Amino acid sequence: MITPALPLPHERSAPADASITAWALAARGGDSAAVDHFVRALHRDVVRYVAHLCADPQAVDDLAQDTFLRALGSLHRFEGRSSARTWLLAIARRAVADSIRRTAVRPRPADLPDWEPVAELAQPRGLPGFDDGVALRELLAGLPDERREAFVLTQLLGLPYAEAAALSNCPVGTVRSRVARARATLLALLAAAEEPDPALAAA
């Protein structure tokens, strides 16, 4: 049996991040076209990130919207010292944390029928090793929170380890360790998913 390879990190080109940061700086100055470019460039990353952090799939769209509202309201304070992507994902992380705190105080009933479209939106396309009914989101859900976040940031969203470490408030070595352990766990889960069901084999 050949175990499927885990996806390699999606490389982000420096020019792409530089363009996004330039759009953020131009948006800060009131350029409406730059605002549109900035939001379009990072919307998918924000949705995917909050989908993996958030326990409530129905809240993903609201959290993404909240993230961009917070970011656009704070653009006057953005000076480009970090990439706009890292700055925005830090805001998304705070939005999720605030949402979790609010839910803990006032839990609300969840309506479940609409979770699949949100999960599909957050699911990356064309990654090797996750076909045959093995959904990446289901495997990631089995990881501890810190390892899942490190994996999502570096392997799915393509952030450099240093930026992921700054976003997660931990050393770079810790992020590397979390990613390595996450990959090992995911490989084991993929291998287990490929094992034939003994009951079916005996039938």
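Before anything else, my salt bridge rule: a side-chain nitrogen of Lys or Arg within 4 Å of a carboxyl oxygen of Asp or Glu. This is a predicted model, so I keep in mind that local features need pLDDT of at least 70 and side-chain atom pairs pLDDT 80 or more, while totals for chains, interfaces and linings use all residues. Numbering starts from 1 along each chain as its sequence is written, and side-chain values use heavy atoms, with hydrogens and water left out.

**Entry 1, overall.** Of the 203 residues, 40% are buried (under 20% relative accessible area; over 50% is exposed, in between is partly exposed; 1.4 Å probe, protein chains only).

How many salt bridges does the rule give? The count is nine. I went through three of them.

- Arginine 70 and aspartate 98 meet at 2.9 Å, N to O. Arginine 70 sits in helix α3 and aspartate 98 in helix α4, so this pair ties together parts 28 residues apart in sequence. Arginine 70 is partly exposed at 24% relative accessibility.
- Glutamate 146 pairs with arginine 178, closest N and O atoms 3.2 Å apart. That links helix α7 to helix α9, the two residues being 32 apart. Arginine 178 is buried at 16%.
- Arginine 85 pairs with aspartate 17 at 2.6 Å between the closest N and O atoms. Here arginine 85 is in helix α4 and aspartate 17 in helix α1, 68 residues apart. Buried or exposed? Arginine 85 is buried at 4%, and aspartate 17 is buried at 13%.

I checked leucine 153: leaving out residues up to four places away in sequence, its contacts (heavy atoms within 4.5 Å) include Tyr49, Leu89, Ala164 and Leu167.

In α8 (residues 161-168), I find Ala164, Ala165, Leu167 and Ser168 buried. They lie on the same side of α8, because they cover an arc of only 165° around the axis (directions from the helix axis to the C-beta atoms). Just after α8, asparagine 169 takes a positive phi of about 55°.

Terms used: Helices (H or I, at least four residues) and strands (E, at least two) are DSSP runs, numbered from the N terminus.
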